Amino acid sequence: MAYEMIIVEIADHICVIKLNRPKALNALNGQLVAELGDAVTHAEANDKVRCMVITGSEKVFAAGADIIEMAEKTFVDVASGDLFGASMMPVQDAKKPIIAAVSGYALGGGCELAMMCDFIICADNAKFGQPEINLGVIAGIGGTQRLTRFVGKSKAMDMNLTGRFMDAEEAERSGLVSRVVPVKRLMEVTLDVAAKIAEKSQISIKAVKDSVNRSYETTLAEGLLFERRVFHSMFATDDQKEGMAAFVEKREPQFRDK
């Protein structure tokens, strides 16, 4: 499909998806979400893509869901259409790594979209928040669930009940983001990180994603068993042989994803 609300660029095995709805501060409406899902789906199917980055502008990642589009909807409308349900699944279910590069405001659905990615790198001007309480609703794309898992009950309650914003320093301190960088270097750093991921064995990359994500869905004992079994399975791959041989021989590994 032709995209109107996102910009997609693929280079050096990295697919950068830029939210591009500046007049609405990148608010997530039906069309933008559909285009984002389509872009992620195509990147998943593209053998040249080994890592994805979702970003916005320097001023705003995404200021939330589109209130104007939602304001007149009824319960029947949103429930029967499963608003922000299946439409967000391509990002949530992606097998390839997705990094959120956040600059400026990531509020409501924007914060939730960032949390759906595998990890967040943010600029020092970033602001995160779940201000849905101010609209008479609650978060609906993970703001009460993922945020609680990332930063703990106390901060998640604070943010969801008051609508207050969390700045970049607090976000890193709380474990919401992996690192904070100067705003002018956000994409430089993020692309460097994506390039490092892209050069790894894609078998190992997917195994890492599966194992880390499983930790949120099961007990520690079951998670450790899952991790160990996946670790054992890696010894059936050519990439394990190459990676360990390269280490012993003091050279860079040449992974073939086999």
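Which residue in strand 2 is the bridge partner of Glu9? I looked it up, keeping in mind that this is a predicted model: the partner is Val16.

Next I checked the pairing around that bridge. Strand 1 (residues 6-11) and strand 2 (residues 14-19) run antiparallel, with 6 bridges joining them. The two strands make a hairpin, and 2 residues sit between them. I noted Asp12 in the turn, as its phi is positive, about 55°.

On to the largest pocket. I get a volume of about 1000 Å³ for it. Its lining counts 34 residues, and nearest the centre I find Cys117, Asp118, Lys209, Asn213 and Tyr216. Which helix gives the largest share of this lining? That is helix 10, with 8 residues. Helix 10 spans 202-214, and other elements that each supply at least two lining residues include helix 5 (109-116) and strand 7 (119-123). I also wrote down the classes for the largest pocket: 19 nonpolar, 10 charged and 5 polar residues.

Then I turned to the second largest pocket, which holds about 660 Å³ of space. Here 31 residues form the lining, and Ala65, Ile67, Met70, Glu132 and Val137 are the closest to the centre. Helix 2 (67-70), helix 3 (75-80) and helix 5 each give at least two residues to this lining. The largest share is from helix 2, at 3 residues. By class I have 20 nonpolar, 6 polar and 5 charged residues lining the second largest pocket.

Definitions and conventions:
Residues numbered from 1 in each chain as written. Predicted model: local features only at pLDDT ≥ 70, side-chain atom pairs only at ≥ 80, totals over all residues. Heavy atoms only, no water. Pairing = 2+ DSSP bridges. Helix = DSSP H or I, 4+ residues; strand = E, 2+ residues; numbered from the N terminus. 1 Å grid on protein atoms, 1.4 Å probe; cavity = no way out; pocket = protein on both sides within 12 Å on 5 of 7 lines; lining within 4 Å. Points joined across faces, edges and corners; volume = space filled by probe spheres on them. Nonpolar A, V, L, I, M, F, W, Y, C, P; charged D, E, K, R; others polar.
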